[in-house]
Amino acid sequence: MADLETFRAETRKWLLAHAPASLRGMVLGLGEGNWGGRKATYPNPDMKVWLEVMAERGWTAPEWPTQYGGGGLTKDEAKILREELAALKLPPPLVGFGLTMIGPILLEYGTEEQKREHLPKIVRGEIRWCQGYSEPGAGSDLASLQTRAVRQGDYFVINGQKIWTSYANLSDWMFLLVRTDPTAEKHRGITFLLMDMASPGVEVRPIKLISGSSPFCETFLTDVLVPVKNVVGKINEGWTIAKALLNHERTMIASAFGTGTGRRRTLREFARKYLECDGERLADTALRHRMAQYEMDALAFKLTTDRARDAATAGLPPGPESSMFKIYGTELNQRRQELLVSIAGPQALGWEGPGFAEEELALTRDWLRSRGNTIEGGTSEIQLNIIAKRVLGLPD
Ligand SMILES: Cc1cc2nc3c(=O)[nH]c(=O)nc-3n(C[C@H](O)[C@H](O)[C@H](O)COP(=O)(O)OP(=O)(O)OC[C@H]3O[C@@H](n4cnc5c(N)ncnc54)[C@H](O)[C@@H]3O)c2cc1C
């Protein structure tokens with residue numbers, strides 16, 4: 001315990017000495033933060049400085065082993081680091097699918113060569129990753145995917161189309177699922193690959209969303225060559241890895257949307273700004289009750305998420321119970337966005353132009369964006385099927 005207290009004191013001292021002052025108190029909106037990669041831009045150059053000093057210490061991936069660039073911290077030390085970052089109101093130095101999805105998968109299933117090649121670049125924020133799972137005919141029924149990979153010597157030749165590839169236009173590498181044996185039963189014959197987005201034959205086309213932004217892309221693959229050494233796990237056995245990655249993804253989504261980002265003000269601050277108050281209390285009783293219920297549920301969810309993280313055995317990956325967190329966290333965010341729109345009323349109905357503050361325009365867009373929360377990473381109906389089958393053990 002004394003060691004942990006020493007670690008806490010030293011961590012705080014180090015953070016105070018190295019974190020750029022301009023970042024203290026910065027609250028990141030949805031999808032904001034430093035995603036790194038070759039195409040990263042830095043409107044605030046201190047974000048780059050922050051990434052570099054933290055990466056140097058391996059603290060962008062605090063619990064990853066030091067031989068792959070990580071911080072080598074124990075679970076308890078990593079928790080202290082998170083607490084100290086929160087206490088100093090510092091943003092994470094790096095976010096993205098490298099840290100939350102493909103990194104943990106490579107640690108568990110990657111070859112030594114793959115770990116040494118990719119993990120340090122993720123830690124340093126040099127390479128940004130995207131996810132090539134969904135196809136026009138394969139979303140919920142992901143195992144019916146059709147993108148073909150045909151082996152030619154030391155390479156696979158890939159042909160097909162991915163869709164809804166978040167941030168493909170900004171990413172350097174993609175982890176993707178391809179069909180390597182079309183004669184096998186659909187869950188077999190799938191292989192998990194790592195692909196350089198700069199390879200000839202990769203074409204990315206952004207798709208415009210209802211929220212006005214374009215984080216999505218269609219990704220067309222025409223005779224793309226991917227070395228066989230980029231297979232993670234075994235050829236034709238990628239489905240196991242695909243599912244393991246989804247558990248990481250669902251845990252990340254639950255935490256990002258259920259407890260985390262995009263909270264520049266609390267609900268109460270918004271309510272005080274837009275609604276009539278009876279002293280300290282909101283005059284609208286029905287809305288007050290909805291807000292109180294939301295705040296209790298959100299706090300309970302945060303405590304449960306923290307408790308689950310603390311209770312998990314160090315190094316053990318998340319299992320199908322991640323589906324429970326995913327459903328609850330995403331529905332919680334949708335409730336929050338609905339409440340914000342109810343509170344701000346007509347001021348939350350702007351799209352552009354005068355008459356609306358930037359924060360108000362963001363309310364409309366965040367509310368629309370939250371509709372996708374119960375679809376991305378697998379829809380709520382699919383999560384319920386997983387909980388029924390794999391958590392509760394109910395018959396088909
Ligand atoms: C914001 C966002 C980001 C995304 N990012 C990515 C990404 O980076 N990479 C990627 O590969 N994909 C991404 N996706 C795609 C996402 O994984 C799919 O949209 C999702 O899996 C659902 O597939 P679908 O859209 O084809 O819907 P469908 O599978 O066609 O489903 C349509 C409806 O039918 C229901 N349904 C289907 N099957 C069943 C069943 N067996 N039981 C009960 N109900 C069922 C679904 O719940 C849904 O309501 C993203 C999606 C969103 C919204």
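Predicted model: local features only at pLDDT ≥ 70, side-chain atom pairs only at ≥ 80, totals over all residues.

Student: Which strand and which helix each supply at least two residues of the shell around the ligand?

Tutor: The shell has 18 residues, and Y133, G139, S140, E376 and T379 are the closest to the ligand. Two elements each give at least two residues to this shell: β1 (129-132) and α11 (380-391).

Student: Which domains each contribute at least three residues to that shell?

Tutor: The protein is divided into domain 1 (2-123), domain 2 (129-236) and domain 3 (241-391). At least three shell residues come from each of domain 2 and domain 3.

Student: What distance separates the centres of domain 1 and domain 3?

Tutor: The centres are taken over C-alpha atoms. For domain 1 and domain 3 the separation is 24 Å.

Student: Why is α4 described as roughly antiparallel to α5?

Tutor: Helix α4 (residues 97-109) and helix α5 (residues 112-123) have axes 10 Å apart, at an angle of about 160°. Angles over 145 degrees count as roughly antiparallel. Therefore the word for α4 relative to α5 is roughly antiparallel.

Student: Which residues of α5 make the contact with α4?

Tutor: The crossing of these two helices is left-handed. On the α4 side the contact uses G98, L99, G103, L106 and L107. On the α5 side the residues are Q114, K115, H118, L119 and I122.

Student: At roughly what angle do the axes of α9 and α11 cross?

Tutor: The crossing is left-handed, and the axes come within 9 Å. In the contact, S323, M324, K326 and I327 of α9 meet S380, Q383, I386, I387 and V391 of α11. The angle is roughly 150°.

Student: Which residues of α10 make the contact with α9?

Tutor: The axes of helix α9 (residues 322-344) and helix α10 (residues 358-370) cross at roughly 145° and come within 9 Å. From α9 the contact takes N333, Q334, Q337, L340, V341 and A344. From α10 it takes E360, L363, D366, W367 and S370.

Key
Residues numbered from 1 in each chain as written. Axes fitted to C-alpha atoms, helices over the stretch in contact; angles between N-to-C directions. Helix = DSSP H or I, 4+ residues; strand = E, 2+ residues; numbered from the N terminus. Parallel < 35°, antiparallel > 145°, perpendicular 65-115°, else oblique. Left-handed = near helix turned anticlockwise from the far one by under 90°. Contact = placed C-beta atoms within 7 Å. Near = placed C-beta within 6 Å. Domains from an automatic or database assignment.
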